[in-house]
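Please brief me on this model.

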Amino acid sequence: MTEQDFILNTYNNNIEKGSVKWSSPSNIALVKYWGKKEHQIPENPSISFTLSDCKTITEVIYTKKESKDFSFDVYFEGEKNEAFKPKIQTFFERIEMYMPFLRNYHFRIETSNTFPHSSGIASSASGMSALALCLMSVEEDLGVDYADDYFNQKASFLARLGSGSACRSVEGELVVWGKNESTESSDLYGVKFEGEVHKNFKNYQDTILLVDKGEKQVSSTVGHKLMFGHPFAKERFAQAHENLAKLKTILASGDLNEFVKVVESEALTLHAMMMTSMPYFILMKPNTLEIINKIWKFREQNNSNVCFTLDAGANVHVLYPENEKETVLNFIKKELTQYCQNGHYICDEIGLGANRI
Ligand code: DP6
C-alpha cells in the first residue's frame with residue numbers, strides 16, 4: 001500500500017446528514033516510537049499492547065453545507081471545547097486529500113473518555129483513532145464499500161496523521177507500526193502483530209499509576225523533534241529494530257524474564273533520550289523513581305514477573321501476567337498507591353481494539 005491507495009475518488013454527493021459512533025482504546029508501547037520524519041513517518045518501528053478499558057468514545061454528526069472552509073464543533077464530556085480545535089483543524093488539513101468530502105459537511109464531534117479527564121493519560125491515541133474511525137464510517141455512509149482490511153488500514157493511516165501512536169489503537173491485541181525486517185509492517189499504518197503469542201501473555205495486565213496528572217512541560221510533538229541531530233539517535237533507532245526482533249522471539253517463547261528486560265530497557269531508554277537531547281528535559285518525577293525501585297525490590301523478593309513501562313510522562317504502567325493479578329494488585333495497593341496523586345490508579349488489560357457503537 002502507498003499513500004495514493006488511500007485517496008478517495010468517487011463517492012455519493014447527495015447524502016444530507018447522518019451520525020456515526022466509535023469507541024477506541026488507548027495503547028501502551030513496549031518498543032517505543034520516539035523520533036519522526038516528515039508526514040508522521042516514524043524513525044523506528046514500535047509495538048504496543050492495545051488496552052481494553054481506557055477508551056475514547058466519539059460520535060460524529062455530519063450535516064451537508066456549502067463547500068468552503070472546514071467547519072466543526074467539539075464537545076468534550078458534554079461541554080463545548082475550544083482547546084481541542086487546533087489539533088483537529090491540523091488533522092483535517094493533513095487528511096483532506098484522502099477524504100475530499102470534508103469541506104462539504106459540518107461536523108459536530110462529541111467525545112468523552114472512560115478514564116478521568118485530568119489523569120495525564122495520553123488521550124491522543126484513543127482520541128485520534130476514534131475520530132479517524134468515525135470519519136471512515138462517514139465515508140462508508142457516502143456509499144464507499146470497503147473490505148475490512150482496507151477499512152482498518154485506512155483508519156489507522158488517518159489516525160497516524162492525527163497522532164503517530166494513534167495508528168496502533170485501531171486493532172488488538174498487539175500492533176506493530178514502522179517498517180522493519182522481523183515483522184510484517186508499514187510506516188503508513190499499524191499492522192496487527194501476526195507472530196506467535198505464548199499463553200503467558202494472554203490477558204496481560206496493565207495497572208496505570210497516576211503519579212502526576214498535570215500538564216507535561218514538554219509535549220511529545222516537541223520531544224520527537226529533539227531526536228533530529230540527537231547525539232544518540234542513530235544507535236537508538238537501530239536498537240528499536242533489535243528490540244522488536246527480540247520481542248518477537250520472546251512473545252512466541254513466553255520468556256517473561258527476557259520480556260521484562262526489553263520492556264524496562266525501552267522505557268528507560270525513551271527517558272534517557274529526553275535527558276540527553278538539547279534542550280534536555282526530565283518527565284519522570286521523584287515518585288516515578290520510588291515506584292520503579294519498589295517494583296524491582298518486589299520482583300526480586302517474590303520471584304515475580306511484574307515490570308514497568310513509561311510513556312512520555314511521569315505515570316507508571318505496571319505490567320504483569322494474569323496469574324499474578326492478586327499478588328501484584330495487593331502489592332500496588334499496599335506499597336505503590338502512596339506515590340500516586342490522590343492514591344489514584346487505573347486497572348486495565350490487553351484488549352482487542354476499536355468498536356463501532
Ligand atoms: C512516548 O504519538 O503522542 O508514547 O505523533 O507527535 O502525536 P505525535 O506523538 P505521540 O508520541 C507518543 C510517544 C510515546 C511512545 C509510543 O507510544 O510509542
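The points below are grouped by topic.

This is a predicted model, in which local features need pLDDT of at least 70, side-chain atom pairs count only at pLDDT 80 or more, and totals for chains, interfaces and linings use all residues. Residues are numbered from 1 along each chain as its sequence is written, and side-chain values use heavy atoms, with hydrogens and water left out.

**Second largest pocket**

- The second largest pocket has a volume of about 240 Å³.
- A pocket here is an open set of points on a 1 Å grid over the protein atoms alone, where a 1.4 Å probe fits and protein lies on both sides within 12 Å along at least five of seven lines.
- Grid points are joined across faces, edges and corners, and the volume is the space filled by probe spheres set on the points.
- The lining holds 18 residues, each with an atom within 4 Å of a point.
- Q153, E171, G190, V191 and K192 lie nearest the centre of this pocket.
- Two elements give two or more residues to the lining: α3 (148-162) and β9 (191-192).
- Helices (H or I, at least four residues) and strands (E, at least two) are DSSP runs, numbered from the N terminus.
- The largest share, five residues, comes from α3.
- By type, the lining divides into five nonpolar, six polar and seven charged residues.
- Ala, Val, Leu, Ile, Met, Phe, Trp, Tyr, Cys and Pro count as nonpolar, Asp, Glu, Lys and Arg as charged, and the others, Gly among them, as polar.

**Backbone exceptions**

- Most residues other than glycine have a negative phi, and most peptide bonds are trans.
- G172 and E173 are joined by a cis peptide bond, with omega about -10°.
- E173 sits in the loop between α3 and β8 (174-177).
- A cis peptide bond also joins M278 and P279, with omega about 0°.
- P279 is in the loop between α6 (256-275) and α7 (286-302).
- Q40 is not a glycine, yet its phi is positive, near 60°.
- Q40 lies in the loop between β2 (36-37) and β3 (41-42).
- Q40 counts as buried, because its relative accessibility is 5%; buried means under 20% relative accessible area, exposed over 50%, and partly exposed in between (1.4 Å probe, protein chains only).
- E77, also not a glycine, has a positive phi of about 50°.
- The loop between β5 (71-76) and β6 (79-80) holds E77.
- E77 has a relative accessible area of 37%, so this residue is partly exposed.

**Helix α6 and its surroundings**

- α6 has 20 residues and spans 29 Å from its first C-alpha to its last, close to the expected 28 Å.
- The expected span is 1.5 Å times one less than the number of residues.
- At the start of α6, a side-chain oxygen of D255 comes to within 3.2 Å of the backbone nitrogen of N257.
- H271 lies in α6 and is buried, with a relative accessible area of 1%.
- Leaving out residues up to four places away in sequence, H271 touches L283, M284, L310, D311 and G313; contact means heavy atoms within 4.5 Å.
- H230 is in the loop between α4 (220-225) and α5 (233-253).
- H230 is buried at 6% relative accessible area.
- Beyond its neighbours within four places in sequence, H230 is in contact with M273, T276 and S277.

**Helix α2**

- L135 lies in helix α2 and is buried, with a relative accessible area of 0%.
- L135 and P286 are 151 residues apart in sequence and 41 Å apart, C-alpha to C-alpha.
- E140 is in helix α2 (residues 124-141) and is partly exposed, at 28% relative accessible area.

**Strand β4**

- T63 is in strand β4 (residues 46-64).
- T63 counts as partly exposed, at 32% relative accessibility.
- Leaving aside neighbours within four places in sequence, T63 is in contact with E16, K17, N104, Y105 and H106.
- T63 and F107 are 44 residues apart along the chain, with C-alpha atoms separated by 6.7 Å.

How values were computed:
A polar contact is a pair of N or O atoms within 3.5 Å; within protein, one must be able to donate a hydrogen and the other to accept it, and residues adjacent in sequence count only if both atoms are side-chain atoms.
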